[in-house]
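Walk through this structure in two stops.

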Amino acid sequence: MMNVTVYCSSSDLAADNFISSAHDLGAALARKGIGIVFGGGDVGLMGCVANAAMDSGGSVKGVIPRFLEEKEIAHRGISELHVVETMHERKMLLTEWADAFIVLPGGFGTLDELIEVITWRHLGHHDKPVLLYNIDGFWAPLTDFFATLSRHRMVRTDHQRLYTICDSLEEILGELDRAARKE
């Protein structure tokens, strides 16, 4: 079974279009038999993805550091919940257990996770797809900044090979199908 790590917001203040997209993603992954690995919280887009997957009969594995267990309200209704001691442990497991990464809108934590998996791919630590779910152009300012980095020769001109922008759920599912066929 393919497992996809989903990075996204833990904010309960996310816009409705982000919430509905998160729900649709979780349900679609479950229907395709793709397991979800995520940050283990029962809040925000994170909880929405997990709940939709569970409601659709999916497999959901969460990883949450002990200090966030109460703050992010650890999700007790998923297939597996792993409580770890540090954010570093969380990030390592989220990376190790993934066959691909999907990044939905999120804040500083999501951005940190995204940059880390892109950097690790750049350094050859993994060659797993990194899919940015560009709901309503959310990631456009960041990818514009990546282009600025390239223009100033801070990153390679072919930096786009490290990630894929997906503007729809159908694009994400297509990229996951392509990744599964390569295995």
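Is C48 buried or exposed? C48 is buried, at 14% relative accessibility (buried means under 20% relative accessible area, exposed over 50%, partly exposed in between, with a 1.4 Å probe and protein chains only). This is a predicted model, where local features need pLDDT of at least 70, side-chain atom pairs count only at pLDDT 80 or more, and totals for chains, interfaces and linings use all residues. Residues are numbered from 1 along each chain as its sequence is written, and side-chain values use heavy atoms, with hydrogens and water left out.

The structure has zero disulfides (a disulfide is a pair of cysteine sulfur atoms within 2.5 Å). C8 is in none, and its nearest cysteine sulfur, that of C48, is 8.5 Å away. That separation is too far for a bond. C8 is buried too, with a relative accessible area of 7%.

Now turn to helix 5, residues 140–151. Helices (H or I, at least four residues) and strands (E, at least two) are DSSP runs, numbered from the N terminus. Helix 5 has 12 residues and reaches 16 Å from first C-alpha to last, close to the 16 Å expected (1.5 Å times one less than the number of residues).

Which residues of helix 5 are buried? They are L142, T143, F146 and S150. These lie on the same side of helix 5 because they cover an arc of only 95° around the axis (taken from the directions from the axis to the C-beta atoms). An α-helix has 3.6 residues a turn, so residues three or four places apart point the same way. The buried residues pack against helix 4 (108–122) and strand 7 (164–166), where contact means heavy atoms within 4.5 Å. On the other side, P141, D144 and R151 are exposed. Just after helix 5, R153 takes a positive phi of about 60°.
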